[in-house]
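Student: I would like to learn how to read a structure like this one. Please take me through it feature by feature.

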Amino acid sequence: MSDTPAVIGHRGACGHAPENTLASIAKAAELGAQWVEFDVMLSRDDKCVLFHDDKLLRTTGQKGLTAETSLAGLQRMDAGSWFSDDFAGEAIPTLSEAMDLLAKLGLGAVVEIKPSEGRDVETGRIVSGMVRDHWPVSVPQPIISSFSEAALEQAMMEAPHIPRALNVFNGLSDWKVKLRTLDCVALHCMHTDLSEKTVGKIITAGYDLRCFTVNEVARANTLFGWGVCSVFSDFPERIMA
Ligand code: G3P
Ligand code: MG
């Protein structure tokens, strides 16, 4: 059974601070979250960074692609101003920096492998290798998740002992065979796709079920009542209250 808390901060606490930044992770801790989720992509030079999109534009205002930009180039960008002037100059963190902060704050984490288009295999291999080799000993064992089955397959080979979760947006029809094939311990899905019956089937099959992105208390309570073990929330303090 899962020992993750009921509420996991989404992209840090991205309702309060720019997603996937150190400020967002710190905010989640400040709000009382015990775990956060963040997305990890590769730079052009195969460095692991916290970032969500293939394109840089939405959160940095820059043209171009994450996968075509070096780590040094990414580190020069401002990933905070788009959210608010209060976060101007907030950097795109490396996975190493994020792991250091988790250790400092005593937070656990779901590490979502987020491959740029066509980079599933190397992203899965490199991110899971980093987590395997550099996860701080003081931080609870993480969960590695991904929408990419190819990335999870790499994680299964590189870091078989780290629990894996498959993320799905739509279509819960073939979850069973996928979870078995990828030797996952959990399914992470959109809460809007779920019914009580489906939750029951997934849990009865022995898997933990976590839902994204849940920002309404009433909805979270319904999901918990059905047996969902954790929700990812942009406003973790709302649900925890
Ligand atoms: O890992 C759960 C959730 O973060 C998946 O969706 O698009 O926010 O990465 P997304
Ligand atoms: Mg994510």
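The dialogue below goes from the whole chain to the ligands and then to single residues.

Tutor: First, the conventions. This is a predicted model, in which local features need pLDDT of at least 70 and side-chain atom pairs count only at pLDDT 80 or more, while totals for chains, interfaces and linings use all residues. Residues are numbered from 1 along each chain as its sequence is written, chains are lettered from A and ligands numbered from 1 in the order in which they are written, and side-chain values use heavy atoms, without hydrogens and water.

Student: What radius of gyration does the protein chain have, and what would a compact globule have?

Tutor: The radius is taken over C-alpha atoms, and the globule rule is 2.2 Å times the number of residues to the power 0.38. For 241 residues the rule gives a value near 18 Å, and the protein chain has 17 Å, which agrees with a compact globule. The C-alpha trace spans about 50 × 40 × 35 Å along its principal axes. There are 10 helices and 9 strands, where helices (H or I, at least four residues) and strands (E, at least two) are DSSP runs numbered from the N terminus.

Student: How many of the residues in the protein chain are buried?

Tutor: Buried means under 20% relative accessible area, exposed over 50%, and partly exposed in between (1.4 Å probe, protein chains only). Here 55% of the 241 residues are buried.

Student: Which residues of helix H1 are buried, and what do they pack against?

Tutor: An α-helix has 3.6 residues a turn, so residues three or four places apart point the same way. In H1 (residues 22-30) the buried residues are Ala-23, Ser-24, Ile-25 and Ala-28. They pack against strand E2 (35-42), strand E3 (48-50) and helix H4 (95-105). Just after H1, Gly-32 has a positive phi of about 105°.

Student: Which residues donate to the magnesium ion?

Tutor: Donors are N, O and S atoms within 2.8 Å of the metal (3.2 Å for Na, K and Ca); water is not among the atoms, so sites may look incomplete. The protein donors of the magnesium ion (ligand 2) are Glu-37 (OE), Asp-39 (OD) and Glu-112 (OE), at 2.0 to 2.1 Å. Along the chain their spacing is E-x1-D-x72-E.

Student: Is Asp-39 buried or exposed, and what does Asp-39 touch?

Tutor: Asp-39, in strand E2, counts as buried because its relative accessible area is 1%. Contact means heavy atoms within 4.5 Å. Beyond four places in sequence, Asp-39 touches residues including Arg-11, Asn-20, His-52, Glu-112 and Lys-114. A polar contact is a pair of N or O atoms within 3.5 Å; within protein, one must be able to donate a hydrogen and the other to accept it, and residues adjacent in sequence count only if both atoms are side-chain atoms. One of 3.0 Å joins the side chains of Asp-39 and Asn-20.

Student: What distances separate oxygen atoms of ligand 1 from side-chain N or O atoms of Arg-11, Asp-39 and Lys-114?

Tutor: The distance is 2.7 Å for Arg-11, 3.1 Å for Asp-39 and 2.7 Å for Lys-114. Ligand 1 taken alone exposes 290 Å², of which the protein buries 97%; such areas come from the Shrake-Rupley method with a 1.4 Å probe, and for residues only the protein chains shown count as cover.

Student: Is Glu-216 buried or exposed?

Tutor: Glu-216 counts as exposed because its relative accessibility is 52%. Glu-216 lies in the loop between strand E8 (208-212) and helix H9 (217-226).
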